[in-house]
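Trainee: I have a structure open on my screen and would like to learn how to read it. Could you take me through it feature by feature?

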Amino acid sequence: QVQLVESGGGLVQPGGSLRLSCAASGTISRLDAMGWHRQAPGKQREVVAGITSGGSTNYTDSVKGRFTISMDSAKNTVSLQMNSLKPEDTAVYYCNADVVIWVYSGYKMQTVWGQGTQVTVSS
């Protein structure tokens, strides 16, 4: 059983910065990737950024150059540094992780989601 807990959300003015963090806990045999999604009111949930255990990263076009994702595999944490924030970045941000856990039948791949943290960009 793996759980994710996000932190760092809040209210910030346009042009400001926030840093989101997400910590995975529980028995994890292998952590393959972690990432961030977001969902704004009236819109579908979208991928924001992802990172693999090997360090490969990917970003949605709207945040490239402004957001930076990083992962500490030793601590099973992922962070999202968000700079030059815009009102359109306002959303609930969800952390997710692709993990491998051990169950009675063997190893199992599982995608785990956090409960989300609100980011509001407004003047």
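Trainee: How many bridges join strand 9 to strand 11?

Mentor: Strands of a sheet pair through backbone hydrogen bonds, either parallel or antiparallel. Here strand 9 and strand 11 run antiparallel and are joined by three bridges; in this predicted model, local features need pLDDT of at least 70, side-chain atom pairs count only at pLDDT 80 or more, and totals for chains, interfaces and linings use all residues. Residues are numbered from 1 along each chain as its sequence is written, and side-chain values use heavy atoms, with hydrogens and water left out. Two strands pair if DSSP finds at least two bridges between them. The strands themselves are DSSP runs (E, at least two residues; helices are H or I, at least four), numbered from the N terminus.

Trainee: Which other strands does strand 9 pair with?

Mentor: Strand 4 is one, in the antiparallel sense over nine bridges, and there Trp 36 has Cys 95 of strand 9 as its bridge partner. Strand 10 (residues 106-113) is another, antiparallel over eight bridges. In that pair, Asp 98 is opposite Thr 111 of strand 10. Strands 9 and 10 make a hairpin, with two residues between them.

Trainee: What is the strand order in the open sheet of four strands?

Mentor: The order is 1-3-8-7, and the pairing is antiparallel. Strand 1 and strand 7 are the edge strands, each pairing on one side only. From one strand to the next, the twist averages 15 degrees; axes are lines fitted to C-alpha atoms (for helices over the stretch in contact), with angles from 0 to 180 degrees between N-to-C directions. Six bridges hold the antiparallel pair of strand 1 and strand 3, and Val 2 finds its bridge partner in Gly 26 of strand 3.

Trainee: Now the core. Which residues have the most contacts inside the largest one?

Mentor: In soluble globular proteins, nonpolar side chains tend to be buried together. A nonpolar core is a set of buried Ala, Val, Leu, Ile, Met, Phe, Trp, Tyr and Cys residues joined through side-chain atoms within 4.5 Å. Buried means under 20% relative accessible area, exposed over 50%, and partly exposed in between (1.4 Å probe, protein chains only). The largest core has 33 residues, and Met 34, Trp 36, Leu 80, Met 82 and Tyr 93 have the most contacts inside it. Among the elements that give two or more residues to it are strand 3 (18-26), strand 4 (30-39) and strand 8 (77-82). Strand 9 gives the most, six residues. Take Leu 80: beyond its neighbours within four places in sequence, its contacts (heavy atoms within 4.5 Å) include Leu 18, Trp 36, Phe 67 and Tyr 93.

Trainee: Is Glu 6 buried or exposed?

Mentor: Glu 6, which sits in strand 1, is buried, with a relative accessible area of 12%. Its side chain reaches the backbone nitrogen of Cys 95 at 2.9 Å, and one of its polar atoms lies 3.1 Å from the backbone nitrogen of Gln 115. Setting aside residues up to four places away in sequence, Glu 6 also touches others, including Cys 22, Trp 36 and Tyr 94.

Trainee: How many salt bridges are there?

Mentor: A salt bridge is a side-chain nitrogen of Lys or Arg within 4 Å of a carboxyl oxygen of Asp or Glu. By this rule there are five. Arg 38, Glu 46, Arg 66 and Asp 89 are linked in a network of them. Glu 46 and Arg 38 bring their closest N and O atoms to 2.8 Å; Glu 46 is partly exposed at 32%, whereas Arg 38 is buried at 5%. Arg 66 and Asp 89 form another, with closest N and O atoms 2.7 Å apart. Arg 66 is in the loop between strand 6 (57-59) and strand 7, and Asp 89 in the loop between strand 8 and strand 9, so the pair ties together parts 23 residues apart in sequence.

Definitions and conventions:
Polar contact = N/O pair within 3.5 Å; in protein donor to acceptor, adjacent residues only side chain to side chain.
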